[in-house]
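Grab a pencil and work through these exercises one at a time. Try each task on your own before you read the solution.

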Amino acid sequence: QINLSREKKDSAVPRVEFSPKQCITFAKINLKSAHKAGPDIDRALRNLKFGLSFLRDASKTIDHWKEHYNLSLSLSEEYAHAMFVKGGDSAEIIECVNEIIDNARCLEDSCKAYEVLILALYSSGKKLMAVDQA
């Protein structure tokens, strides 16, 4: 129900605003729901997207990458990977991966993002760019 309040299908329905603490809680719940989605990639993607949306809303007053680093990293990595598996928009995948790389605290935290970036570039026909990234 909370996620449904985020969708803008009906502009007559006002978007519900939550406190940053509530947004972080909802982001965590969406990450757990994505894990429980199993092979249902559409459900997992939906939950990960909502989780990221809640994190971005929390960012109005806090830097979620600094205050909730592990949550931000997990949601972003899993979203980028799920988008790749689903065959999603390579530009959106690359944007998500770049955000991870820009905010990674160490090389190990950016490894999964680089893997997804290389795979996304390669599968979208940008083989030379993929090799350059590798």
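**Exercise 1. Which residues of α2 are buried, and what do they pack against?**

Step 1. Keep in mind that this is a predicted model. Go along helix α2 and pick out the buried residues: Ala 44, Leu 45, Asn 47, Leu 48, Phe 50, Gly 51, Leu 52, Ser 53, Phe 54, Leu 55, Asp 57 and Ala 58.

Step 2. Look at what sits against them. The buried residues of α2 pack against α1, α3 and α4.

Step 3. Check the length of the helix too. α2 has 18 residues, and its first and last C-alpha atoms are 26 Å apart, close to the 26 Å expected at 1.5 Å a residue.

**Exercise 2. Decide whether Asn 47 is buried or exposed, then list its contacts.**

Step 1. Find the residue: Asn 47 belongs to helix α2.

Step 2. Compare its relative accessible area with the cut-off. Buried means under 20%, and Asn 47 has 10%, so Asn 47 is buried.

Step 3. Skip the neighbours within four places in sequence. What's left in contact with Asn 47 is Asn 3, Asn 30, Ser 33 and Ala 34.

**Exercise 3. Work out whether the length of α4 fits that of a helix.**

Step 1. Count the residues: α4 runs over residues 69-86, which gives 18.

Step 2. Now see what surrounds the helix. Its buried residues, among them Tyr 69, Leu 73, Tyr 79 and Met 83, pack against α1, α2, α3, α5 and α6.

Step 3. Look just past the end. Gly 87 follows α4 and has a positive phi, near 80°.

**Exercise 4. Describe the ring pair formed by Phe 18 and Phe 26.**

Step 1. Start with the tally: there are four aromatic pairs.

Step 2. Take the two numbers for this pair. The ring centres of Phe 18 and Phe 26 are 5.0 Å apart and the planes stand at 80°.

Step 3. Apply the rule. Planes over 60 degrees apart count as edge-to-face, so that's what the Phe 18 and Phe 26 pair is.

Step 4. Widen the view. Ring pairs join Phe 18, Phe 26 and Phe 54 into a cluster. Phe 26 itself counts as buried, at 13% relative accessibility.

Step 5. Thr 25 lies in helix α1 and is partly exposed, at 37% relative accessibility. Thr 25 and Phe 54 are 29 residues apart along the chain, yet their C-alpha atoms are separated by 8.7 Å.

**Exercise 5. Which helix gives the most to the lining of the largest pocket?**

Step 1. Get the volume first: the largest pocket holds about 160 Å³ of space.

Step 2. Read off the lining, which includes Ala 34, His 35, Ala 44, Leu 48, Glu 78, His 81 and Lys 112.

Step 3. Sort by helix. α1, α2 and α4 each supply at least two lining residues, and α4 gives the most, with four.

Step 4. Sort by class. You get six nonpolar, three polar and two charged residues.

Conventions: Residues are numbered from 1 along each chain as its sequence is written. This is a predicted model: local features need pLDDT of at least 70, side-chain atom pairs count only at pLDDT 80 or more; totals for chains, interfaces and linings use all residues. Side-chain values use heavy atoms; hydrogens and water are left out. The expected span of a helix is 1.5 Å times one less than its number of residues. Buried means under 20% relative accessible area, exposed over 50%, partly exposed in between (1.4 Å probe, protein chains only). Contact means heavy atoms within 4.5 Å. On a 1 Å grid over the protein atoms alone, a cavity is a set of points where a 1.4 Å probe fits but cannot get out, and a pocket is an open set with protein on both sides within 12 Å along at least five of seven lines; lining residues have an atom within 4 Å of a point. Grid points are joined across faces, edges and corners, and a volume is the space filled by probe spheres set on the points. Ala, Val, Leu, Ile, Met, Phe, Trp, Tyr, Cys and Pro count as nonpolar, Asp, Glu, Lys and Arg as charged, and the others, Gly among them, as polar. Rings of Phe, Tyr and Trp (its six-membered ring) pair if their centres lie within 6.5 Å; planes under 30 degrees apart count as stacked, over 60 as edge-to-face and the rest as tilted.
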